[in-house]
Amino acid sequence: MKLADHKATLSFSNGAPSMELPVYAGTIGPDVIDIRKLYGQTGMFTYDPGFLSTASCQSAITYIDGDKGELLYRGYPIEQIATQCDYLDTCYLLLNGDLPNEGERNDFHKLILNHTMVNEQMQFFLRGFRRDAHPMAVLTGLIGALSAFYHDSTDINNPEHRRIAAIRLIAKMPTLVSMAYKYGVGQPYMYPRNELSYAGNFLRMMFGTPCEDYVVNPVLERALDRIFILHADHEQNASTSTVRLCGSSGTNPFAAIAAGVACLWGPAHGGANEACLNMLEDIQASGGIAKVGEFMNQVKDKNSGVKLMGFGHRVYKNYDPRAKMMQETCNEVLSELGLENDPLFKLAKELEKIALEDDYFVQRKLYPNVDFYSGIVQRAIGIPVNLFTGIFALARTVGWIAQLNEMIGDPEYKIGRPRQLFTGSPRRDVPTLIKR
Ligand code: CMC
């Protein structure tokens, strides 16, 4: 870390001695004040629920400028990555720090595509679930279970184990997600075909059957690949921080990624794409565009508990650049499938138009996020709504593993252990039963 050319001075109004704190500068973005010695020198903690002002680590992977609406993977703008690279190039970039040259690219693609099969026992494990189980519940279990299948890549302190676990996770996620889907609909699992692209293979495992050949539609293949790219990493969000915290205890990579999947499921995070599509369907069912005004009034009424799902972001206070790319993909997919008049897409556009002009949203800087349009694209491709977050998990796996490996390799890494401001009862004695 580079010291900034100034320090921060912390002073107290109660006459306690002030303290100088080092300030570090990143390559871009806000400086950070190093408070690691604060407790030792003052006996005080900082208080920051939700990490509103806390950098939990140093990282060189992804950078978001929330005011500009900019997202960089290893320095490259998401718009360039999404139009000039594919998802596996993106994985290579996130894991290794740079884009692959031609030879590296061929080797990496081959490596991933050669690890797509899962242990055959996995399907028997899957069979223990109810057929109507939510795919995210199934995936949390399946991914956690990988550590019971791949004993030779569970030592997080061994760089070779970490490398192999990364390859396995990226390669096997599409197989596991499609198995979770096929199990739910009662169709036979489709084994991977390694001559297909990463996204093409996934489409075939999802929608192909052993009864006939499956022909991959290149527009849908590209759209899915773009969904994967746009979701690949997003710096220290809730699930990534969960993976880091979980991994900081030294647990194995599969267990840490399973923790990330569990966190992603929530509707404020990865579950928002599912929640957003359900919201659009509810509005449509209750009268469609004519009911948008009524719905917006509910959203603005704090007592209603209704949110405009797919809107707002902790970091972006401008248009989420991923949402722009997703809207473009949405247009392409709908026109390829002859669904230009899709009522949910029209509804989403109407909601966006109203929100972008409404004082409530303007004042709070609430813009569409990646989830606003991704559900419409996925639904058009044929992906069931309850699998949307599973697709997000598939794509985010590379980000989680890159961040986990970065943390383990960081000489400053320690087990994560936040402190607290205690507001409960001070010490007291247990009364006898009759006195309680
Ligand atoms: N609809 C209505 N009001 C909103 C929304 C929304 N979607 N998002 C934020 N607000 C309001 C919020 O009520 C608050 O108002 P006030 O200042 O009057 O109390 C203000 O905007 C600030 O919101 P916040 O909840 O303090 O912001 P946050 O940074 O804690 O939450 C968020 C960010 C993403 C959880 C939130 O915007 C949200 O719940 N959005 C809907 C869910 C969603 O789309 N999530 C996907 C995020 S992107 C994909 C991912 O990373 O997983």
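Reply: First, a term: a polar contact here is a pair of N or O atoms within 3.5 Å. Keep in mind that this is a predicted model.

Me: OK. Which polar backbone atom is 2.9 Å from a nitrogen atom of the ligand?
Reply: That backbone atom belongs to F311.

Me: And what does the side chain of K302 do, in terms of distance to an oxygen atom of the ligand?
Reply: An N or O atom of the K302 side chain lies 2.7 Å from a ligand oxygen. The side chain of N369 also has an N or O atom by a ligand oxygen, at 2.9 Å.

Me: How much of the ligand does the protein bury?
Reply: The protein covers 74% of the 930 Å² that the ligand exposes when taken alone.

Me: Which residues come nearest to the ligand?
Reply: H269, K302, L308, R314 and Y360, out of 21 residues around the ligand.

Me: What classes make up that shell?
Reply: There are 10 nonpolar residues, six polar and five charged around the ligand.

Me: Switching topic. How many cavities of 30 Å³ or more are there?
Reply: The count is one. The largest cavity holds about 100 Å³ of space.

Me: What lines the largest cavity?
Reply: The lining includes M117, V118, N119 and E120, along with Q123, T175 and M179. Y189, M190, Y191 and P192 also belong to the lining.

Me: And how does that lining split by class?
Reply: Seven of the lining residues are nonpolar, three are polar and one is charged.

Notes:
Residues are numbered from 1 along each chain as its sequence is written. This is a predicted model: local features need pLDDT of at least 70, side-chain atom pairs count only at pLDDT 80 or more; totals for chains, interfaces and linings use all residues. Side-chain values use heavy atoms; hydrogens and water are left out. A residue is near a molecule or strand if one of its heavy atoms lies within 4 Å of it. A polar contact is a pair of N or O atoms within 3.5 Å; within protein, one must be able to donate a hydrogen and the other to accept it, and residues adjacent in sequence count only if both atoms are side-chain atoms. Accessible areas come from the Shrake-Rupley method with a 1.4 Å probe; for residues, only the protein chains shown count as cover. Ala, Val, Leu, Ile, Met, Phe, Trp, Tyr, Cys and Pro count as nonpolar, Asp, Glu, Lys and Arg as charged, and the others, Gly among them, as polar. On a 1 Å grid over the protein atoms alone, a cavity is a set of points where a 1.4 Å probe fits but cannot get out, and a pocket is an open set with protein on both sides within 12 Å along at least five of seven lines; lining residues have an atom within 4 Å of a point. Grid points are joined across faces, edges and corners, and a volume is the space filled by probe spheres set on the points.
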